[in-house]
Every structure is written in C-alpha cells, then in structure tokens.
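Biologist: I have a chain open here and would like to talk through a few of its residues. Could you bring it up on your side?

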Amino acid sequence: MLLLKLLQSIISTLNSEGTPRQIAAGFALGAALGLTPLVNVHNLVILALACLLNVSFGAFLLGWTVFVPVGFALDPLFHAVGLALLQAPGLTGFWTTLANTPGVPLTNFNNSVVLGSFVDWVVLSLPIFFVSRMLVVKYRVHVFERLKKTRIFKAIGASKLYTYYRMLFVG
C-alpha cells in the first residue's frame, strides 16, 4: 500500500502545475531531511523553508522518502566526513566558538554523523536540484506528452472518475 501511495505521489507531483524548478527545489529540500538525522534543529529550518518558499511540497515529501534509505546507507561516509571536520586542527577554534555560542549546541553539529550528513547535503543539494529539474523536464516533454496521446489516457481523462480524482488529489 505504501508503494502505491508513493507511486501516486510521484505521478501527481510530476503532472502537477508546479514548474520543474519548484519540483526540483522541493525534492532537494526533502533530500536534506532524508540524508540527515531527523531530530535536529536544522531540520526544523528546512521544514520551515519548505512551507514558506514556493516549492512543491509533494516533491519535498518525495525527496524525504527517497533519501531516507540513502542516508542510512551513507552513514559511515557521513561519520568519516564529520569526524575529519571536527578533528581538523585548523578548525579547533571555530568549533570551540560555536560550542560556546548560545543556541548553537542545539544543532548537534558536534556529532560527526549530523555534521557530515549536513555538509554532504549542502554539497549535493545543487546537483540534486539540477538533475531532478532536468528529469522533470525530460519526463514532461517525452513521456507525459506521449502518454497523453494514448487511448487509455484519453479514456481515463474523459471519465467522471478522473474528474473527481483531479478535484480531490491534484488541485
């Protein structure tokens, strides 16, 4: 059932009125929640951005869902990156200043996995954005346009059931 719901979310998001840029931005923000450990202050900021900015919230949830298993699989890499940053001799003063700044310790950036996953997401966010935007554009130009011309698609589009579906789920 969950897989069917995910598939419905993907199709609904790809065929929505949102621009490829809005969908890609939502997907990249969702990747932040999927790649980083969930219970951290920076994820509240990411969630607030997803709610306040003009991005696709469906793509945000989809990005979160897609990147959760990726985040778990990459935890050893995140740990290595975070540990290297935390133990870098040139950054000792920076980490000490951050640790003594009120509120900053709530970020949990003293945890190697949290720091490493956040830094990796920052580095990967632009490639995730550009690749997902390109895939949405290619889907809409090549796949969706071809699907719209099939008899099944026209029959479904003409049915009352599809009209109710669009009213309830698409917008």
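Biologist: Is Thr36 buried or exposed?

Modeller: This is a predicted model, and in it Thr36 has a relative accessible area of 4%, which is under the 20% cut-off and therefore counts as buried.

Biologist: Which residues is Thr36 in contact with, leaving aside its neighbours within four places in sequence?

Modeller: With those neighbours set aside, Thr36 is in contact with His42, Asn43, Ser117 and Phe118. With Asn43 there is also a polar contact, made between the two side chains at 3.1 Å.

Biologist: Switching to the surface, which residues make the nonpolar patch?

Modeller: Val41, Val45, Leu49, Leu53 and Leu106 make a nonpolar surface patch of about 410 Å². Of these, Leu106 is in the loop between α6 (92-100) and α7 (112-148), and Leu106 is exposed, with a relative accessible area of 58%.

Biologist: How many helices and strands does the chain come to overall?

Modeller: The secondary structure comes to nine helices and zero strands, so the pattern read along the sequence is α-α-α-α-α-α-α-α-α.

Biologist: What share of the residues counts as buried?

Modeller: Of the 171 residues in the chain, 31% count as buried, while the accessible surface comes to about 10,900 Å², with 74% of it belonging to carbon and sulfur atoms. As for contacts with a separation of 6 or more, 77% are between residues 24 or more positions apart.

Notes: Residues are numbered from 1 along each chain as its sequence is written. This is a predicted model: local features need pLDDT of at least 70, side-chain atom pairs count only at pLDDT 80 or more; totals for chains, interfaces and linings use all residues. Side-chain values use heavy atoms; hydrogens and water are left out. Patches are made of residues with over 30% relative accessible area and no salt bridge: like charges are joined within 9 Å, nonpolar side chains (Val, Leu, Ile, Met, Phe, Trp, Tyr) within 5 Å. Accessible areas come from the Shrake-Rupley method with a 1.4 Å probe; for residues, only the protein chains shown count as cover. A salt bridge is a side-chain nitrogen of Lys or Arg within 4 Å of a carboxyl oxygen of Asp or Glu. Helices (H or I, at least four residues) and strands (E, at least two) are DSSP runs, numbered from the N terminus. Buried means under 20% relative accessible area, exposed over 50%, partly exposed in between (1.4 Å probe, protein chains only). A polar contact is a pair of N or O atoms within 3.5 Å; within protein, one must be able to donate a hydrogen and the other to accept it, and residues adjacent in sequence count only if both atoms are side-chain atoms. Contact means heavy atoms within 4.5 Å.
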